[in-house]
Each structure stands twice: as C-alpha cells, then as structure tokens.
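Subject: Structure handover

Hello,

I am passing on the structure we spoke about. Please look through it first; my notes follow below.

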Amino acid sequence: MAEEKKLLKVTIDNITIEVEPGTTILMAARKIGGDIVPPAMCYYTKLKNTGGYCRTCLVRVAVGSTTDPRPMPKLVASCRTNVMDGMVVENITSPAVLEARKGVVEFLLINHPLDCPVCDQAGECDLQDLSYEHGGEGTRYEFKRRTFERIDLGDYIQLHMTRCILCYRCVHTANQVAGGREHGVLDRGDHSQIATYIEKSLGNEFIGNVIDVCPVGALTDRTFRFKNRVCFTKPVEAHRDCPTCSGRVRLWMRGDEVLRVTARKDQWGEVQEWICNDCRFEKKKVSDWVIDGPTRVNRHSVISAGHYVGVQKPKETFSAIMGGSKPKLLMDIHSISEVNTVELSEIQGPASNKTFTEDPHAVGNNPTDVKAGKGRNINGTDSTNPNTP
C-alpha cells in the first residue's frame, strides 16, 4: 500500500484546516473560503513562477510551526509562503495586515488613472474591487504621474500602460501558454513598463489570453472597446468544435448580438481553459456557437444587475386565441421612425450620433482615446488630473 501523505494543520483567522505539504497560505485560505481569503493581483494558479510582485496578499504569521512557535518578524506574501504544521496565520484579524494592505493599494494607485467611467474593464476590474474593499479614502502622492501613449499591439490588442500595475501575468501567459512572446518588462525601477521591442505586434494563436489574465484595463480587446458596458451585457456559457482549443467560452451578449468572447473563469477570476484567437475575435455570431446556458454571476457583482437565472418566458397567447393563426407584421417600425438598425458587434469603434441617424457603420472619436499631444488639457494629454504631465 502506498504510504499516506502526512497532512499539515494550519490555523487562519481562528479557523483550522488540514492541507498537504507544499500548500501555500493563500491556497489554504482558498480551501476555507469567505472573507479570510487574501486578495491576489499577480498570483495565478495555472501559471508558473507567479506571485510575490503585487504584495496585496500580505499576512502575519503569529506562530511559525509546532517545532518553532516564534512568529515571523515581518508580514509575508501568502502566495509564496508554504504552510508549516501548527502554523497560525492572521489575515483580517490583524490590524497590522489591514493597515499594510491599505498602503499597498495606495502604492498601486500612484500612477493608475481614475478613469473607471470610461475604462472597458470597469465592473470586472480586480483593482477596482481591491481599492473599494482595502483602499484608503485618499492619496498622499503629490508628484507628477507617469503617462504613456496607447499602443496597438496588432489587430486585436491595445496596450494602455498608464493603467498597468506590473503584475507580470501577461508575460508569463505569453511564455507558458502562447509558446513565445514579443513583449516583456523593459527598463528598471520606476521606469519599468510592459512593452514590445520596436512596437512589434502580438500575433500568436493564443496571445489573446493576455487580455483575460490582466487584472486591470491595461490590455483590452480592440474589437470590444467602447461598444458597451459590462453591466449592460448578459454572459452565457457556450461551446463549439474548435480544432485549436477546447472551444468552451463565455459570450457577452446584448440582445441577440455577441459583443465579446472570453474564456470561462472560476470563482477566483482565473481562466478555466485557454481559448484561441479564432474563438475569441472571429466568432461573433450566435450561429457560431452552441449555447449551454446563462453564467451564474455572484449577486454582489455589478454584472448581476438585471441578470436573472431561471426566468421563464411567458407563452404567446395570440395563436391560442386565433385558432393557431400567427400574428401578421403590420408595419416596419424602423421605416416609420426612420431609425437605422445598428449592429453594435459590427462597429469598429465607439458609436456616435451619426451611427444611429445616418450610417450604422460610422464610428466616433472617444475623448479618452486620443494620442499624446492632442489631448483635452493644457499639457496635451487625455488626463483631467492637474499633476499628470
């Protein structure tokens, strides 16, 4: 008989659990669940060598182990610290951890712009949730912020480095999932940035997954930018026979239109199965997919607004009353109202008044999508912050 593994006991916020050797404090907390799970902006279960960059998952080890009960001298990153037998960990029960986490959030927001109203990531942004739950009321930062010009990394991905928090997820995804990368971290210290060498495009078959792993709005889908808000769309699970990937995706729909295609994610916001660029960017029709059913959304999420599961559509009574006869179309409302039928999924940019009155394929210029030197403030950028260069 195979020798059974010895389980280790760890206590996190007064809750004791047994885990296998090699388990990190973060994964042990996720086994317990609830509010005691530390937030994580850089760690990703399906990627190797992640964690330890953002420091948002800091915890206090009050008791090191049964053999050495001394507390660890400083706060540790729970995603990089393995559990020891008899370890006692404090997360939300420690005032020092909560104060340190507030400082980490303030540090992450030093250069990050407060452009949530115009950001495509708003409503499903990890940094937005982190700042709301663990951030402070204001910032002490008084210096000029870093700004970058937006860069189109190919036909499908746009990089907005001003929003980046350098979590390195996209770099690891390109290395381990896409099988090669044209981008990485350039420069050092406060000059570090995610960039490509001489602005090369990202064209690998699985490179679109960098959009899903990005916890902020730094890497966005160019086929979806400014077309809709995530809280106005309805996520549904779907699949198709794809020769490249599993074909199991999540469709974000508005009515009968597919506005965006993403990979399915678990309760921790991590991708369940990687999907290819063809499924993500090219298959934007309902006929391309087999619908599995609506996505179960956490009721605390903004995405759950107006999204109901188990709603039954009322039966049509006209046919029953008229002996099986179907109603006839008396007039076309679009011809009467002189309003064009607009397919939002086919618009190549932000909609404008001209889109709905003259040309259904016309696009406008979003004021936050202008290039450096042509912005709306005196310094020629698109920021409304007076400290922004």
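A residue is called buried under 20% relative accessible area, exposed over 50%, and partly exposed in between, with a 1.4 Å probe and protein chains only. This is a predicted model, in which local features need pLDDT of at least 70 and side-chain atom pairs count only at pLDDT 80 or more, while totals for chains, interfaces and linings use all residues. Residues are numbered from 1 along each chain as its sequence is written, and side-chain values use heavy atoms, with hydrogens and water left out.

Salt bridges

The structure holds 13 salt bridges, a salt bridge being a side-chain nitrogen of Lys or Arg within 4 Å of a carboxyl oxygen of Asp or Glu. One of them joins the side chains of arginine 140 and glutamate 106 (2.9 Å, N to O). Arginine 140 lies in the loop between H3 and strand S6 (151-152) and glutamate 106 in helix H2 (residues 95-108), so the pair ties together parts 34 residues apart in sequence. Helices (H or I, at least four residues) and strands (E, at least two) are DSSP runs, numbered from the N terminus. Glutamate 106 counts as buried, at 19% relative accessibility, and arginine 140 as exposed, at 68%.

Aspartate 115 and arginine 163 also meet in a salt bridge (2.9 Å, N to O). Aspartate 115 lies in the loop between H2 and H3 and arginine 163 in the loop between strand S7 (157-159) and H4, so this pair ties together parts 48 residues apart in sequence. Both aspartate 115 and arginine 163 are buried.

Glu237, Arg250, Arg264 and Asp292 are linked in a network of salt bridges.

Helix H4

Helix H4 (residues 169-176) is mostly covered, with six of its eight residues buried. Among the buried residues are Cys170, Val171 and Ala174. Their cover includes helix H3 (126-134) and helix H5 (209-213), where contact means heavy atoms within 4.5 Å.

Strands

Four strands form an open antiparallel sheet in the order S13-S12-S11-S14; two strands pair if DSSP finds at least two bridges between them. Strand S13 (257-263) and strand S14 (290-294) stand at the edges with a single partner strand each, so one side of each has no neighbour in the sheet. Four bridges join strand S11 (residues 234-239) to S14, and histidine 239 has valine 290 as its bridge partner in S14.

Elsewhere, five bridges join strand S1 (residues 8-12) to strand S2 (residues 15-19), and these run antiparallel. In their hairpin, aspartate 13 takes a positive phi near 50°.

Regards
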